[in-house]
Amino acid sequence: MDRNGRSGGGSGAGRERILKAALDVFSARGFRAGSLNDIAEAAGLTRAGLLHYYPNKQAVLLALLEQRDAELHVVQPDLGLTLLEILENLDAFTAQVVGDRALVQLAHILTAEASGEEHPAREWVARRYATLRGVLADAVRRSIEAGELRADVDPEVFAALVLAVGEGAENQWLVNPEAVDPVMVTRQLLLLCEAARP
């Protein structure tokens, strides 16, 4: 319900309002500083109205993170691609990601905050990184088998490197978007990998 006691529409619409408000609040203040009251106010709801949809701030955060990954198709089935095939399409994906600065900022703030063991997003961050590294490591193995990368490349380490390049470029872009273009960084990474063929 809103401040006047009226319903905010269907449950789907209400959840969308709350998640949009949570994105704004968490992106601006982080999870720890952003409060349920802040989110409720931004969504045009009372605190009680917000709690009708989500039992606590942690539930709001996790719903927002799951929505983000679903929209970006972060976790996809293994399509049997080599690393170079993934990198060939990575610039388009990166362009889609940085098209929503608030989501990128939220993801990086939460990743930093989640280094604390008690943070509610820690498990999500750890699971997300493990999944992405696993997909990339499998792709590196296929690239080695296809002769695209040297046989002495460590798939797990190289996967972490690729992930670090992408997320590091996003971090620098958030601080200075005029100086760093994450799309161009991913394209350069592809060129470097192609140049290093055995």
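Author: Let us begin with Leu-106. Leaving aside residues up to four places away in sequence, Leu-106 touches Leu-23, Phe-26, Ser-27 and Leu-64. Please bear in mind that this is a predicted model.

Reader: In which helix is Leu-106 found, and is Leu-106 buried or exposed?

Author: Burial is read from the relative accessible area, and buried means under 20%. Leu-106 is found in helix H6, residues 101-113. Its relative accessible area is 0%, so Leu-106 is buried. Among its contacts, Leu-23, Phe-26 and Ser-27 also belong to the buried residues of H1.

Reader: How far apart in space are Leu-106 and Ala-92?

Author: Leu-106 and Ala-92 are 14 residues apart in sequence, and their C-alpha atoms are 21 Å apart. For Asp-138 and Thr-82, the separation along the chain is 56 residues and the C-alpha distance is 7.9 Å. Asp-138 has its place in helix H7, residues 122-145, and is partly exposed, with a relative accessible area of 31%.

Reader: What share of the contacts in the protein chain with a separation of 6 or more comes from residues 24 or more positions apart?

Author: Such residues account for 69% of those contacts. As for the chain as a whole, 42% of its 198 residues count as buried. The protein chain has 9 helices and 0 strands, and its C-alpha atoms fill a box of roughly 70 × 35 × 30 Å along the principal axes.

Reader: What does the span of H1 between its end C-alpha atoms show?

Author: One compares the end-to-end distance with that of a straight helix. A straight helix of 23 residues would span 33 Å at 1.5 Å a residue, whereas H1 spans only 27 Å. H1 also has a kink of about 85 degrees, centred on Ser-27. Ser-27 is one of the residues that Leu-106 touches, and it is among the buried residues of H1, which also include Gly-14, Ile-18, Leu-19, Gly-30 and Phe-31.

Reader: How does the span of H5 read against the 22 Å expected at 1.5 Å a residue?

Author: H5 has 16 residues and reaches 21 Å from its first C-alpha to its last, which is close to the expected value.

Reader: Which residues does Thr-94 touch, not counting residues up to four places away in sequence?

Author: Thr-94 touches Pro-182, Val-183 and Thr-186. Thr-94 lies in helix H5, residues 83-98. With a relative accessible area of 7%, Thr-94 is buried.

Reader: At what angle do the axes of H1 and H2 cross, and what is the handedness of the crossing?

Author: A helix pair is described by its axes, its handedness and the residues in contact. The axes of H1 (residues 11-33) and H2 (residues 36-43) come within 8 Å and cross at roughly 145 degrees. H1 passes H2 in a right-handed crossing. On the H1 side the contact is made by Arg-17, Ile-18, Ala-21, Ala-22, Val-25, Phe-26, Arg-29 and Ala-33, and on the H2 side by Asp-38, Ile-39, Ala-42 and Ala-43. By class, this contact has 9 nonpolar, no polar and 3 charged residues.

Conventions. Residues are numbered from 1 along each chain as its sequence is written. This is a predicted model: local features need pLDDT of at least 70, side-chain atom pairs count only at pLDDT 80 or more; totals for chains, interfaces and linings use all residues. Side-chain values use heavy atoms; hydrogens and water are left out. Axes are lines fitted to C-alpha atoms, for helices over the stretch in contact, and angles run from 0 to 180 degrees between N-to-C directions. Helices (H or I, at least four residues) and strands (E, at least two) are DSSP runs, numbered from the N terminus. A crossing is left-handed if the near helix is turned anticlockwise from the far one by less than a right angle, and right-handed if clockwise. Contact means heavy atoms within 4.5 Å. Ala, Val, Leu, Ile, Met, Phe, Trp, Tyr, Cys and Pro count as nonpolar, Asp, Glu, Lys and Arg as charged, and the others, Gly among them, as polar. The expected span of a helix is 1.5 Å times one less than its number of residues. The bend at a residue is the angle between axes fitted to the seven residues ending there and the seven starting there. Buried means under 20% relative accessible area, exposed over 50%, partly exposed in between (1.4 Å probe, protein chains only).
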